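Please consult the sequence and the model below while reading.

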Amino acid sequence: MANSPSMKLTSVQELVKAAPRLSSIPLQFLQQTQTALSVPTPSSSAEIPTVDYTLLASPGSGETELQKLHSACKNWGIFQVVNHGMSPEVMEKLRGEIEEFYELPLEEKMKYGGDGEGYGGGRVRANGVRDWGDRLYITTNPVHLRRPHLLPQLPSSLRDNLETYIQTLKALASGLLGSMEEALEMEANEMAAKMDDGLQSVAIIYYPPCPQPELVLGFTPHSDATCITILSQVNGVGGLQVKTRDGSWVPVNILPNALVVLVGDILEVFSNGLYESAEHRVTVNPDKERISMAFFVNPKLEAEIGPAASLVMKNPPCRFKTISTEQYFNNFFGRVLDRKTNLEALKIDN
């Protein structure tokens, strides 16, 4: 899911608390295309590809998993990872601590607010419509960019377990990107050199239940501006949907304890279009809250974002412009998040 623009606070959780039997949805949350939000039947859900990270990293058995990874990135733009090294016990502790955080009084949560980072409510999207969800957004890497009032000031148990989560996913991301570089047959370290000690952040998102879920979206349709995003369905409540190649929206079935990896726009650019970023959205539940975590993985600020020279040479023409990481994100945050408009702006008309 995408990184954090600035927002005015409109806490959806507080709205639901104030009116637990909400009879009508406030206009600012109403989606205009209601037919597109009809809940698909369970039979239409997507069994996205699964990659076993232990096998992928094993010298003797990694080739088959490498091909599965390559196929998933080319044909789906999304896959789930099992045996990834993230402890289920840590995840269960995080679940309880995140639930406790969101149960804090609004005044307490607002201590973690800020301009573009920290705690905030439903963001304004295209046509002025807000997402049905609150979030805590934190820059985690490079460490010197961490805001002193955010991660360092979280309750100690949440902070410690979140740090474990961040470091585990940082290592996982590095391993996955190395495998993708190999699968794409890029020059050695061609992508890794841009990603080493790159920009990373985490978003902890709370989607309250909604009495009319077909009228709202937890997160608007979009592809992520990242290289890759790693998602965790913290409390086991579904809602993630992916847009298939035929243009239909299908719910994503996630295995217990699995993590979901999304190909982002930057990886599509690096691969010169061989890998496609996944357009996705989040629906909400009429009865249950949903909590998810997104770990965003990006190049370092001084790197350039553009197609890998080795891939353009083997598979011309060059399909995307080259731009600095800093300019890329300045452009991204200057737009309203909407489908794949961020990527479209980088395409070269060949």
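## A pair of partly exposed residues

Glu-344 and Lys-347 join their side chains in a salt bridge, with an N to O distance of 3.2 Å. Like every value in this report, this distance comes from a predicted model. Glu-344 counts as partly exposed because its relative accessible area is 45%, which lies between the limits of 20% and 50%. Lys-347 is also partly exposed, at 37%.

## Other salt bridges

The structure contains 13 salt bridges. One of them connects Glu-163 with Arg-146, whose closest N and O atoms are 2.8 Å apart. Glu-163 belongs to helix H6, whereas Arg-146 sits in the loop between strand E4 (134-141) and H6; the pair, 17 residues apart, links distant parts of the chain. Glu-163 is partly exposed at 23% relative accessibility, while Arg-146, at 18%, counts as buried.

A further salt bridge joins the side chains of Glu-268 and Lys-340 (3.5 Å, N to O). Glu-268 is part of helix H8 (residues 265-270) and Lys-340 is in the loop between helix H10 (325-333) and helix H11 (341-344), so this pair ties together parts 72 residues apart in sequence. Both Glu-268 and Lys-340 are buried. Elsewhere, Glu-14, Lys-17 and Lys-109 form a network of salt bridges.

In soluble globular proteins, nonpolar side chains tend to be buried together. Here, the largest nonpolar core comprises 98 residues, and Phe-79, Trp-132, Leu-162 and Met-180 have the most contacts inside it. Helix H6 (residues 156-183) gives the most to this core, with 11 residues.

Beyond its neighbours within four places in sequence, Met-180 is in contact with several residues, including Leu-69, Phe-79, Ile-228 and Tyr-275.

Note on methods:
Residues are numbered from 1 along each chain as its sequence is written. This is a predicted model: local features need pLDDT of at least 70, side-chain atom pairs count only at pLDDT 80 or more; totals for chains, interfaces and linings use all residues. Side-chain values use heavy atoms; hydrogens and water are left out. A nonpolar core is a set of buried Ala, Val, Leu, Ile, Met, Phe, Trp, Tyr and Cys residues joined through side-chain atoms within 4.5 Å. Buried means under 20% relative accessible area, exposed over 50%, partly exposed in between (1.4 Å probe, protein chains only). Helices (H or I, at least four residues) and strands (E, at least two) are DSSP runs, numbered from the N terminus. Contact means heavy atoms within 4.5 Å. A salt bridge is a side-chain nitrogen of Lys or Arg within 4 Å of a carboxyl oxygen of Asp or Glu.
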